[in-house]
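Subject: A structure for you to explore

Hello! Here is the structure I promised to pass on to you. Please open it beside this email, and then read my notes below.

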Amino acid sequence: MLDIKFIRGNKDVVQEGAKKKHMPFDVDALLVVDEKRCALLAEIESKKTEQNQFSEKIVNVSNPAEKMKLIDEMKVVKENLNKKEEEFKLVISEWQKLMIQVPNVPDISVPEGKDETENQQIKTWGEIPKFDFQPKNHIEIMEGLDMIDLERGAKVSGFRGYFLKNEAVILNFAIWQFVFNEMMQAGDFIPLLTPSLVKKETLLGTGYLPQGEEDLYKTQDGTYLVGTSEVPTMSYHSDEIIPAEKLPIKFLAFSPCFRREAGSHGKDTKGIFRVHEFYKFEQVILCEANHEESVKYHEELTKNAEKLLQVLQLPYRTLLICGGDLGLGQVKKYDLEAWVPSENIYRETHSASYFHDFQTRRLNIRYRDQDGKLKFAHSLNNTALATPRILVSIIENYQQVDGSIKIPEVLQKYMGGKKIIGPKKV
RNA sequence: GGAGGAGUGGCUGAGUGGUUGAAGGCACCGGUUUCGAAAACCGGCAUGUGGGAAACCGCAUCAGAGGUUCAAAUCCUCUCUCCUCCGCCA
């Protein structure tokens with residue numbers, strides 16, 4: 001959510017921002033409603049002043065007849081007030097509806113573009129592996145080593161269901177250990193194991209609702225399954241005033257993640273690249289309300305993730321996300337994509353964005369500034385690592401001609417020194 | 001799942017229809033005192049929003065939403081959260 005005062009004073013900036021994000025939003029329409037709201041509010045307030053003054057009089061009058069007369073007079077004032085308040089209810093609900101739809105203004109450095117096809121590659125790292133054999137995809141490799149059961153996954157869980165088996169499980173645990181240890185060394189992150197079942201407000205607060213309803217699983221109790229631990233983690237400090245000296249607060253959050261993938265029908269229907277449930281370590285930062293701070297930590301979060309891919313020796317590239325591919329609240333976003341040999345392309349593994357105070361305004365997360373003023377903090381987040389998706393890249397890049405998989409060096413110590421998975425004995 | 005109890009400012013805690021944004025205490029900030037500190041004493045101390053150059057003034061806020069009333073922290077309804085007891089349970 002943006003500050004209405006900011007919107008009033010910078011209506012062109014906000015409108016241009018929406019345009020850059022290719023989001024249909026009419027700032028003028030909002031401002032018309034806002035004006036109505038302000039006018040009605042002023043009217044109601046002056047009527048209430050009158051009412052309050054009358055109340056005071058009524059209290060101080062001892063003569064019963066006079067008191068009755070005043071009360072009768074008040075009834076008229078009250079009736080008028082009620083009418084205005086009914087009117088106001090309609091206006092305010094319209095206003096609120098519009099307010100939560102105002103897109104945050106993208107940074108000046110965000111490139112123009114209508115959708116993901118116009119994102120800009122700004123960096124590549126690592127050497128794309130050359131195989132002297134036809135590389136298999138992760139499904140073939142994993143099935144060949146009895147590491148996955150997709151058929152039974154579908155039988156038990158439905159479309160996009162999967163079982164990881166045997167070494168895949170060990171590898172997965174090794175990755176978690178690795179990520180956790182690396183990240184804990186990387187900085188002052190507070191490890192957090194979060195709920196994955198959350199209340200609606202958390203999703204509104206982080207900006208996943210109202211727009212993203214169809215991609216969320218909802219329970220019969222009105223709660224939702226999160227698509228990322230960013231949601232509970234950001235909500236952790238909601239409605240709080242954080243002591244300024246505690247900022248920045250950095251979380252390394254972990255949770256299962258659930259996504260309906262409603263907008264991705266027919267995409268990546270095989271394997272474990274796109275699944276309905278997965279696990280993710282997420283980096284979340286709350287910092288002072290200052291653009292430079294946000295930028296600084298955005299780069300830091302991105303570097304942390306890059307470091308993990310580099311240590312895993314996975315070739316990747318960094319994308320600067322264009323306006324049309326940004327979310328409602330995002331100011332700027334980098335995606336990291338790791339190399340997938342079977343498809344001969346890079347595919348997304350990380351997404352780093354910052355929001356300024358868009359989320360904290362909705363979640364009411366504040367701190368007291370040096371000059372004693374309460375301010376909404378800034379928020380940012382980035383993936384640390386998600387499984388099983390990262391397995392796709394690891395397994396495909398590390399595959400051997402005999403169908404076995406070399407284990408990335410940094411993971412070996414988490415797998416009892418094992419250096420290779422397979423090949424399967426016949 | 002059943003039966004009860006509770007939710008007031010940074011904390012504690014009074015307040016059960018009428019100058020209550022809310023007593024008292026603690027914490028915090030300023031001052032007096034002191035060589036300095038502690039103690040004591042004096043003063044200040046919520047947030048949001050509208051107006052104003054400012055002083056200051058209006059409105060709202062006592063978990064949240066709605067209702068009753070001329071008037072609600074106080075009465076009624078629903079929701080949320082917490083506590084106690086019983087049942088069930090990884």
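A residue counts as buried if 20 or more other C-beta atoms lie within 10 Å of its own, as exposed if 12 or fewer do, and as partly exposed in between, with C-beta atoms placed from the backbone. Asn 364 is partly exposed, because 13 other C-beta atoms lie within 10 Å.

Some housekeeping: this is a predicted model, in which local features need pLDDT of at least 70 and side-chain atom pairs count only at pLDDT 80 or more, while totals for chains, interfaces and linings use all residues. Residues are numbered from 1 along each chain as its sequence is written, and chains are lettered from A and ligands numbered from 1 in the order in which they are written.

**The whole chain**

Chain A has 13 helices and 18 strands. Helices (H or I, at least four residues) and strands (E, at least two) are DSSP runs, numbered from the N terminus. Along the principal axes, the C-alpha atoms of chain A fill a box of roughly 105 × 45 × 40 Å. Of the 426 residues in chain A, 38% are buried. Two residues are in contact if their C-beta atoms, placed from the backbone, lie within 7 Å. Among the contacts in chain A with a separation of 6 or more, 71% are between residues 24 or more positions apart.

**Helix H2 and what follows**

Which residues of helix H2 (residues 11–20) are buried? They are Val 14, Gly 17, Ala 18 and Lys 20. These residues lie on the same side of H2 because they cover an arc of only 160° around the axis; the arc is that of the directions from the helix axis to the C-beta atoms. An α-helix has 3.6 residues a turn, so residues three or four places apart point the same way. Helix H1 (4–9) and helix H3 (27–60) are included in what covers the buried residues of H2.

In the loop between H2 and H3 you will find His 22. Its phi is positive, near 55°. Most residues other than glycine have a negative phi, and most peptide bonds are trans. His 22 is partly exposed, with 16 other C-beta atoms within 10 Å.

**More backbone details**

Asn 364 also has a positive phi, near 60°, and belongs to the loop between helix H11 (358–363) and strand E14 (365–368). A cis peptide bond links Leu 247 to Pro 248, with omega about -5°. Pro 248 sits in the loop between strand E8 (240–242) and strand E9 (249–258). Gly 422 and Pro 423 are joined by a cis bond too, with omega near 0°.

**A sheet of 3 strands**

An open sheet of 3 strands runs in the order E5-E7-E6, with antiparallel pairing. Strands pair if DSSP finds at least two bridges between them. Strand E5 (197–198) and strand E6 (217–218) are the edge strands, each pairing on one side only. E6 is joined by 2 bridges to strand E7 (residues 224–225), and Tyr 217 stands opposite Leu 225 in E7.

**Around RNA strand B**

A residue is near a strand such as this if its C-beta atom, placed from the backbone, lies within 6 Å of it. Which of the 16 residues around RNA strand B come nearest? Lys 48, Thr 49, Asn 52, Val 59 and Met 74 do. H3 gives the largest share of this surface, 10 residues.

Enjoy exploring!
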